[in-house]
Amino acid sequence: MTRLVEVPAQFDDRSFDQFASAFAAATKDGERLLFDAHAAEWASPYGLVGLLAAGQAARGAGAGSAGSAERPLLTAPTQADVLTYWTRAGFFREGAELFEIHGKVPRLRSAEESDVLLPVTPVRAAEDVHAVVSNIQQRASAILASELGLDPKATMGFAMALSEACQNIVEHAGTGGWVAVQAYHWRRKLAKRVVVIAVADAGVGFRHSLEPTQSKRFGTRWGDAAALEAALIQGVSRFRDPGRGQGLAGIRRYLARWDGKIAIRSGTARIAIVPQWDDDVPLKEGLPAFPGAQVLIIIPEQGSTKR
Amino acid sequence: MIQHIDVHAVLQESVSGIYTDLVTRPTGRVVRECIERAMATATETVAVARIDFTRVGCIDYSCADEIVAKLLRSRPSVLVLMGISDGHREAIEPVLAGHRLAVLIERPDGTLEAVGAPDAAAALLDELVARRLAVRTPGGTLALTLA
């Protein structure tokens, strides 16, 4: 039997919990999964890398009651422009390994010149982080300075933040993941241009990564939310080296300077540093379980971002 | 003597001939170990190690910690960083402040500046003068006495 996981028509960080809920319900009995994206109208970079993480988790679980390593199924979007965007964003290049894809996928190269600053890119090792940082700098520089009004010097900070976000996968996930960077017009709250970094993996997640060093300190409070709080707010790391934990702290400093936002979802919790222009909540618990960690970073166009 | 270490060259030789960015902990570790080996095998007594970041692109926080903070902790000689851009400083300063450490940066005009934790920075400048490794210039800044 195949279990259906519906991909939300508008697939982004807000609808991700709906997707995670469907995923959690469908994976209960180990049957093969069908991710249904035929009605998808729009997907953010967060949605795309999150869908890949779901495919990774479904495949890793050896979907199928007989324990076979059958790939999960994916029905591609039917709208031509949506399909073209997913292709340009590099989704199908990565998805082809994870999913048995049904639907006509156009033969396009991922974006060279567009708002897709970095197409969906796998991150498995330190070498991948080097490639990501090297690729992003030239393209991001023009967007950050001309479209977002950031000081040209901010480009290096952007590359640093991107590097640290990717390194979380390499150092903590225990598996590979994906990153994507895109500039777009963010209508939800700002009606301004933003640059979005989305990183996702289906690895062990923050709670598991930090449990050996942090669970005793938190006692009965220990869980996904406490682990996220420890990592993002307190800057703790699973490593005892006193220099560890710099990455997320550095990202926070960069975002504070440019009025940006970070949100991290792991397991059943989600934590966010919320700027004034957004109405997200700082911490959510009791969310539908989803493997690994998913990071969202938003840097807005500068000037009058205060609501 | 002053030992000069070209970080870009170390990166290219030890990690990647393609990339110019100092990112990721494994990269930082390899580069630091190469620098430590170069310091350990110097034929003369090294009073000052001038670590040159010219032509290095981005430095992330992990590499700033793995290279600069850890070299300072092992303290084989006085470290002076040169070729430091504003972007490099953005990574190095908060990392050192978090460790309550400070390092010297040599500006293009040869004057020195201590960055990091304020107490450690002040102590570092005092130590340099006391050891006669640096002198106060007429303009009130510090410069290395050794060439």
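Tutor: Helices α1(B) and α2(B) are roughly perpendicular to each other, a label for angles of 65 to 115 degrees. Here helices are DSSP runs (H or I, at least four residues), numbered from the N terminus. Helix α1 covers residues 7-14 of chain B and helix α2 residues 25-40 of chain B; they pack at an angle of about 115 degrees, and their axes are 10 Å apart. The axes are lines fitted to C-alpha atoms over the stretch in contact, with angles running from 0 to 180 degrees between N-to-C directions. The model is predicted: local features need pLDDT of at least 70 and side-chain atom pairs count only at pLDDT 80 or more, while totals for chains, interfaces and linings use all residues. Residues are numbered from 1 along each chain as its sequence is written, and chains are lettered from A and ligands numbered from 1 in the order in which they are written.

The crossing of α1(B) and α2(B) is right-handed, that is, the near helix is turned clockwise from the far one by less than a right angle. Now to the residues that meet. From α1(B) come Val7(B), Val10(B), Leu11(B) and Ser14(B), and facing them in α2(B) are Val30(B), Val31(B), Cys34(B) and Ile35(B); contact means C-beta atoms, placed from the backbone, within 7 Å. By class, this contact has seven nonpolar residues, one polar and no charged. Nonpolar means Ala, Val, Leu, Ile, Met, Phe, Trp, Tyr, Cys and Pro, charged means Asp, Glu, Lys and Arg, and the others, Gly among them, are polar.

Methods. Helices (H or I, at least four residues) and strands (E, at least two) are DSSP runs, numbered from the N terminus. Angles under 35 degrees count as roughly parallel, over 145 as roughly antiparallel, 65 to 115 as roughly perpendicular and the rest as oblique. Two residues are in contact if their C-beta atoms, placed from the backbone, lie within 7 Å.
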